[in-house]
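Have the sequence and the model open beside you.

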Amino acid sequence: MAGLILSTFDWVPEAPRGYVRDLRVRWALEEAGIPYEVRGVSFKERDAEHFAHQPFGQVPWITDGDISIFESGAILLHVANRSETLMPGDARGRAEVTEWVFAALNSVEMASVPWSIMVFSEESRESSAWQKLDGFLRLRLGHMETVLAKREWLAGRFSVADILMSDVLRLVDRFDGLADFSACKDYVVRATARPAFKKARADQVAHFAAADVA
């Protein structure tokens, strides 16, 4: 794993710093103690090589030897499968972690992303579109509140599922969307208090800030 390379943008504007999804990968790699190199790719000019690795022109992707993987969920599963720090060794434990990985991406993030776009767009909170998306997100958060009120982490001990779910909820919390969901908010606080998260976030912010000078 010493040759693992994480590719992300060389620069992004201030607003998304600390939230670009390469942070999830950095966090997982830090938790697992896997060495990696970060390479920047142009934010403004996305060339053919970029699209060869990431067909939507986004980030992140990793190269691990002759393997290239895009999409943060797929990358995190690849990393987790190399480390029992993030993925249990037994079949039952692996199944539980895996289902919560997909729940974070398909049940919660699918509600939180359009909601956050509405926030960034400064959509009126009285509009029909806002009311529908906010109601959808609150429904999903209500289900997560019930789950997280009863457990510290999603699948027993901390796992890759917690990296994904807490990062999804962290964006909602950025815009006070967890104000009525104390168990969800406490979960985000627990997760982001971990040293690996703090290092990953600081490294990402420093990476983008270094390009300001350049």
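Angles between axes under 35 degrees count as roughly parallel, over 145 as roughly antiparallel, 65 to 115 as roughly perpendicular and the rest as oblique. This is a predicted model, in which local features need pLDDT of at least 70 and side-chain atom pairs count only at pLDDT 80 or more, while totals for chains, interfaces and linings use all residues. Residues are numbered from 1 along each chain as its sequence is written, and side-chain values use heavy atoms, leaving out hydrogens and water.

**The helix pair.** The axes of α6 and α7 come within 9 Å and cross at roughly 120°, and the two helices are therefore oblique to each other.

**Helix α8.** Buried residues (under 20% relative accessible area; exposed is over 50%, partly exposed in between, with a 1.4 Å probe and protein chains only) of α8 are Ala196, Phe197, Ala200, Gln204 and Phe208. Seen down the axis of α8, they fall within an arc of 110°, so they line one face. The face turned away from that buried side of α8 carries the exposed Pro195, Lys198 and Val213. The cover over the buried residues of α8 includes α6 and α7.

**Backbone details.** Most residues other than glycine have a negative phi, and most peptide bonds are trans.

Aspartate 176 sits in the loop between α6 and α7. The peptide bond from valine 59 to proline 60 is cis, with omega near 5°.

Note on methods:
Helices (H or I, at least four residues) and strands (E, at least two) are DSSP runs, numbered from the N terminus. The arc is that of the directions from the helix axis to the C-beta atoms. Contact means heavy atoms within 4.5 Å. Axes are lines fitted to C-alpha atoms, for helices over the stretch in contact, and angles run from 0 to 180 degrees between N-to-C directions.
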